[in-house]
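Open the model in your viewer and keep the selection panel at hand. The stops below go from a helix to a sheet and back to the core.

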Amino acid sequence: MVRRLALTTGEPAGIGPELSASVAVWFSALHAGAAPAGPAAEVDPSAWRDTELVLVGDSQLLAARGGAELSGLAGVAFEAVPLRVASVPGRLDAANGRYVLDTLDRAIGMVERGQAQAIVTAPVQKSVINDAGVPFSGHTEYLQERAGVDQVVMMLAGGGLRVALATTHLPLRAVPDAITGPLLDRTLRILDADLRARFLLAAPRIAVCGLNPHAGEGGYLGREEIDVIAPAIGRARAAGIDAHGPLPADTLFVPDHVAQYDAVLSMFHDQGLPVLKHASFGRGINVTLGLPYVRTSVDHGTALDLAGTGRADPGSLQQAVIEAIRMTPTA
Ligand SMILES: NC(=O)C1=CN([C@@H]2O[C@H](COP(=O)(O)OP(=O)(O)OC[C@H]3O[C@@H](n4cnc5c(N)ncnc54)[C@H](O)[C@@H]3O)[C@@H](O)[C@H]2O)C=CC1
Ligand SMILES: NCC(=O)COP(=O)(O)O
């Protein structure tokens, strides 16, 4: 009985390839029986032996950037996807935008065919995929579309916090119109269900942020809380979801206050994620809730400034692998 994780190795000009190679070496030692230390000790030791890690990407690129011998690593396999053009660290090339999508499509195909049970993603540069002529706002939205599900929920976890987002990658100007009753109903349902199923919380307590300063100050600083968010919380509570709010985001994140909840639902990307990244950058994970399979990722981006230097920290990608193992049953 084995669980197979497909690890997409990310934007070739960024730190994804070197981090993926480094994580393959780390994973292989654990798979071969090395004593788990640090966060790796969070999963049952037998889980390492029962897991295979499949690196999806250009094999020569991974070998060159990794600076280590990658062939013959125990428990590690490769799904070769060729670069479209040679890649230089730190230098984006739209000609490889399609390559990045090729790696995602290959991993999705593996899951669809039962050849992998979870996807772990190294970071991509969203802009370069758009530069290649393919509208792309993020893995989250791409995986949702490819899975054919109405909605997924982006959640980042780290430093004792879980922060989910009601809206993801869209211009700030478009946020208020995107926050609707049906969106919040689906988001709260998915968040509650996956906190139970994937994070094993028997009765998750969810804090819901307001959109406006001071959660609208009784309607004097905006009406979204009164017209949209509070009614959605009421419907969620009626359905058995332990949702609270709308709460002013600034004071909700005061440590003693946020500690009363298992997760926070933020209304938009930069309302919740700066707090989470301040608390745990480099150790957190991103997880897509509501997909028919497990998908985890890093809490950081492509770090073009570090690409090829060997100085990028693999901690978040290691944590993404650990969490994918923890959440994925063996096939
Ligand atoms: N999961 C994904 O695919 C994600 C992709 N991105 C994309 O990454 C690109 C660059 O985003 P930025 O805002 O510049 O954020 P970034 O996370 O790439 O970089 C921010 C700062 O953190 C540092 N940093 C990042 N990862 C690090 C690591 N592992 N070890 C040490 N230092 C690290 C960088 O050197 C830089 O100083 C954008 O295109 C963005 O869309 C951003 C977040 C997640
Ligand atoms: N800030 C998180 C982020 O941009 C990750 O997006 P995604 O590519 O995982 O959808």
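**Stop 1: helix α13**

Select helix α13, where 12 of the 13 residues are buried, so the helix is mostly covered. This is a predicted model. The buried set runs through Gly 315, Ser 316, Leu 317, Gln 318, Gln 319, Ala 320, Val 321, Ile 322, Glu 323, Ala 324 and Ile 325, and also takes in Met 327. Now check the length.

**Stop 2: Val 321**

Stay in α13 and pick Val 321, which sits in this helix. Is Val 321 buried or exposed? Val 321 has 28 other C-beta atoms within 10 Å. The cut-off for buried is 20 or more, so Val 321 counts as buried. Show its surroundings next. Beyond the neighbours within four places in sequence, Val 321 is in contact with Leu 5, Val 23, Phe 27, Leu 53 and Val 120. In sequence, Thr 296 and Val 321 are 25 residues apart; in space, their C-alpha atoms are 7.5 Å apart.

**Stop 3: the sheet**

How many strands form the open sheet? There are 11, in the order β3-β2-β1-β4-β11-β10-β5-β6-β9-β7-β8, with mixed pairing. Go to the edges: β3 (76–80) and β8 (242–247) each have a single partner strand, so one side of each is left without a neighbour in the sheet. Ignoring direction, neighbouring strands are turned by 25° against each other on average.

**Stop 4**

Zoom in on β6. This strand is mostly covered: 5 of its 5 residues are buried. Colour the side chains by direction. Leu 161, Val 163 and Leu 165 point one way, while Arg 162 and Ala 164 point the other way. In a regular strand, side chains alternate between the two faces of the sheet.

β5 and β6 run antiparallel and are joined by 5 bridges. Leu 156 is the residue opposite Val 163 of β6. The two strands make a hairpin with 2 residues between them, and Gly 159 in the turn has a positive phi of about 60°.

Turn to β9 (residues 263–266). Here the pairing with β6 (residues 161–165) is parallel, over 3 bridges. Ala 164 faces Leu 265 in β9. Leu 165 has Ser 266 of β9 as its bridge partner.

**Stop 4: the helix across the strands**

Select α12 (residues 269–280). Helix α12 lies across β5 (153–158), β6, β7 (205–209) and β9. Its direction is at about 155° to β6.

**Stop 5: the core**

Finish with the largest nonpolar core, which has 95 residues. Which of its members touch the most others? They are Leu 5, Leu 191, Ile 206, Leu 265 and Val 321. Helix α13 (residues 315–327) supplies the largest share of this core, 7 residues. Domain 1 (1–148 + 292–331) and domain 2 (150–290) each give the core at least three residues. In soluble globular proteins, nonpolar side chains tend to be buried together.

Note on methods
Residues are numbered from 1 along each chain as its sequence is written. Chains are lettered from A and ligands numbered from 1 in the order in which they are written. This is a predicted model: local features need pLDDT of at least 70, side-chain atom pairs count only at pLDDT 80 or more; totals for chains, interfaces and linings use all residues. A nonpolar core is a set of buried Ala, Val, Leu, Ile, Met, Phe, Trp, Tyr and Cys residues joined through C-beta atoms within 7 Å. Helices (H or I, at least four residues) and strands (E, at least two) are DSSP runs, numbered from the N terminus. Domain bounds come from an automatic or database domain assignment. Two strands pair if DSSP finds at least two bridges between them. Axes are lines fitted to C-alpha atoms, for helices over the stretch in contact, and angles run from 0 to 180 degrees between N-to-C directions. Two residues are in contact if their C-beta atoms, placed from the backbone, lie within 7 Å.
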